[in-house]
Amino acid sequence: MHAELKLDIKSNKVMIIKGLCKSFANNHVLKDFNLELVRGESVVVLGKSGSGKSVLIKCIIGLIKPDKGSIHIFGHNIPDLDHDELDQIRAKVGFLFQSNALYDSMTVRENLEFPLRRHWLEVNQKEVDRMVINALEDVGLAHTIDMMPVELSGGMRKRVALARTLILKPEIILYDEPTTGLDTITSKEIIELMVEIQQKYKTTSLIISHDMNCVRMASDRVVMLIDGKCYASGTVKEITQSVDPKVKLFFE
Amino acid sequence: MIGLTAFIMGLVLTMQLRPSMADYGVEAQLPAIVAIAVIREVGPVITALIFAGKIGSSIGAELGSMKVTEQIDAMEVSGTNPFKYLVATRVLACTLMLPVLVMLGDAVSLYGAYLGVNIHTNTSFTLYWTQVFDNLVFGDVLPAFTKSFFFGFAVGIIGCYKGYNSSKGTEGVGRSANSAVVVSSVIIFVIDLLAVQVTDILGY
């Protein structure tokens, strides 16, 4: 049994990224990226396609190892952690995948049970059932519990994926392009749901997106990822009123 | 599918061998020769090739599609080691189940051979099986059974490797499935070649 990590959950700064660099061959995706995430805030990282947004979020959750720099979450540097220690952090950090990543051989119930059983092995079936129902009710899809992911629409799949992310009651939720591939109405519904969840569970959100609706509706702060760096940061108003040509290009 | 193929192989092998054996006047040895050929070589190799086509491709495609749809990443984020959960289980299942399928295939193949023998002669079921078992020795069965474990392991590990390392997109999934079958099939023959050398050295 691995030693339990002491997570500094009470700290105001839940995530501190310093000097993050990541390259793939000669493609320098992230170059000295810095970011701080304060408890309860919702930060949208905005950048064009291929700017390294998904690489950033996968470095944060430990799926990609950065070349240089540190990512401190609850006081622990993610690149320094081994697999078991990383799992303890991941139980507190939810991740919503761009493609939803629902297990297509499992029902909605089994999809939601999966992280519960992996992280909290001691939890009994009655408790599991209650938590699954609660998570599905939060996203308004309790009736889909015994359906297969293939039977759900794109928006419903996104909601189920969000329910799976929520089931472990994470302190931080990382959203990787949550509205990609959805129509405008469904996108708005998903963004509203994200905001509702953040307010209900007081989570901290880091949203990777290039959707302006997402920026306007869900962000307390916007970070512009340009040329692999945190190029500009501020409230939606500050960013949209920026005179910097690279920033202006996004809003024109 | 393995049953049908094995049945046809047993029947065809018997019908192909009969004229030559009749020329040498050893037609009575037909059940024994077919049994040795099926148990030592035809059964394990044909079964393994069909297994590679069906299971190897399905493992390659399944893990490949899980990779491109980020399901493997999701598993890792959920606190599961995908290597243990997806790879180890599949490799173990392939390694343990292929020998079982080989035994089943051998039995069906020998039944097909019995029908082949009876096309031109009237051999009783009991006499046929007596001739089969009288001429089979432990040294025929053990190497064939042992190498089928290696065939199963190869199909499982290659299917998982190809799927797990699938490149992005549906084209990558197709390529993984295809490559899993092609590489597994070649490796089956390589293992067979090595197995026959080892068997020869050990005197079986």
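## Salt bridges

A residue is called buried when its relative accessible area is under 20%, and in this predicted model that description applies to both Lys147(B) and Asp192(B). These two residues form a salt bridge in which the closest N and O atoms are 2.7 Å apart. Because Lys147(B) belongs to helix H6 of chain B and Asp192(B) to helix H7 (residues 169-202) of chain B, the pair ties together parts that are 45 residues apart in sequence. A network also joins Lys58(A), Glu70(B) and Asp73(B) through salt bridges that share partners, and over all chains the structure holds 20 salt bridges.

Arg90(A) forms a salt bridge with Asp87(A), with 3.7 Å between the closest N and O atoms; the two residues are three apart in helix H2 (residues 83-90) of chain A, so about one helical turn separates them, and both Arg90(A) and Asp87(A) are buried. Arg130(A) forms a salt bridge with Glu127(A), where the closest N and O atoms are 2.9 Å apart, and these residues are likewise three apart, in helix H4 (residues 125-138) of chain A. Arg130(A) is partly exposed at 42% relative accessibility, and Glu127(A) is partly exposed at 30%.

## Helix H1 of chain B

Helix H1 of chain B covers residues 2-23, and its 22 residues reach 32 Å from the first C-alpha to the last, close to the 32 Å expected at 1.5 Å a residue. Within H1(B) there is a kink of about 30° at Leu17(B), shortly before the proline Pro19(B). Just after H1(B), Gly25(B) takes a positive phi of about 75°.

The buried residues of H1(B) are Ile2(B), Ala6(B), Gly10(B), Leu13(B), Thr14(B), Arg18(B) and Met21(B), and what covers them includes H2 and H4 of chain B.

## Buried residues and their contacts

Phe51(B), in helix H2 (residues 30-68) of chain B, counts as buried because its relative accessibility is 6%. Beyond its neighbours within four places in sequence, Phe51(B) is in contact with Gly56(B), Cys94(B), Leu98(B), Leu101(B) and Val155(B). Phe51(B) and Gly152(B) are 101 residues apart in sequence, while their C-alpha atoms are 8.2 Å apart in space.

Thr80(B) is placed in the loop between helix H3 (71-77) and H4 of chain B, and it is buried at 2% relative accessibility. Apart from neighbours within four places in sequence, the contacts of Thr80(B) are Phe114(A), Arg118(A), Met75(B) and Tyr85(B). In chain A, Ser205(A) is part of strand S8 (residues 204-209) and is also buried, at 2% relative accessibility. With neighbours within four places in sequence again left aside, Ser205(A) is in contact with Leu37(A), Glu41(A), Ser42(A), Val43(A), Ile173(A), Tyr175(A) and Gln198(A).

## A nonpolar patch on chain B

Leu92(B), Leu96(B), Met97(B), Val100(B), Met103(B), Val141(B) and Phe145(B) make a nonpolar surface patch of about 610 Å². Helix H4 (82-120) and helix H6 (138-164) of chain B each supply at least two residues of this patch, and the largest share, five residues, comes from H4(B). Leu92(B), which is placed in helix H4 of chain B, is exposed, with a relative accessible area of 52%.

Definitions and conventions
Residues are numbered from 1 along each chain as its sequence is written. Chains are lettered from A and ligands numbered from 1 in the order in which they are written. This is a predicted model: local features need pLDDT of at least 70, side-chain atom pairs count only at pLDDT 80 or more; totals for chains, interfaces and linings use all residues. Side-chain values use heavy atoms; hydrogens and water are left out. Helices (H or I, at least four residues) and strands (E, at least two) are DSSP runs, numbered from the N terminus. Buried means under 20% relative accessible area, exposed over 50%, partly exposed in between (1.4 Å probe, protein chains only). Contact means heavy atoms within 4.5 Å. Patches are made of residues with over 30% relative accessible area and no salt bridge: like charges are joined within 9 Å, nonpolar side chains (Val, Leu, Ile, Met, Phe, Trp, Tyr) within 5 Å. Accessible areas come from the Shrake-Rupley method with a 1.4 Å probe; for residues, only the protein chains shown count as cover. A salt bridge is a side-chain nitrogen of Lys or Arg within 4 Å of a carboxyl oxygen of Asp or Glu. The expected span of a helix is 1.5 Å times one less than its number of residues. The bend at a residue is the angle between axes fitted to the seven residues ending there and the seven starting there.
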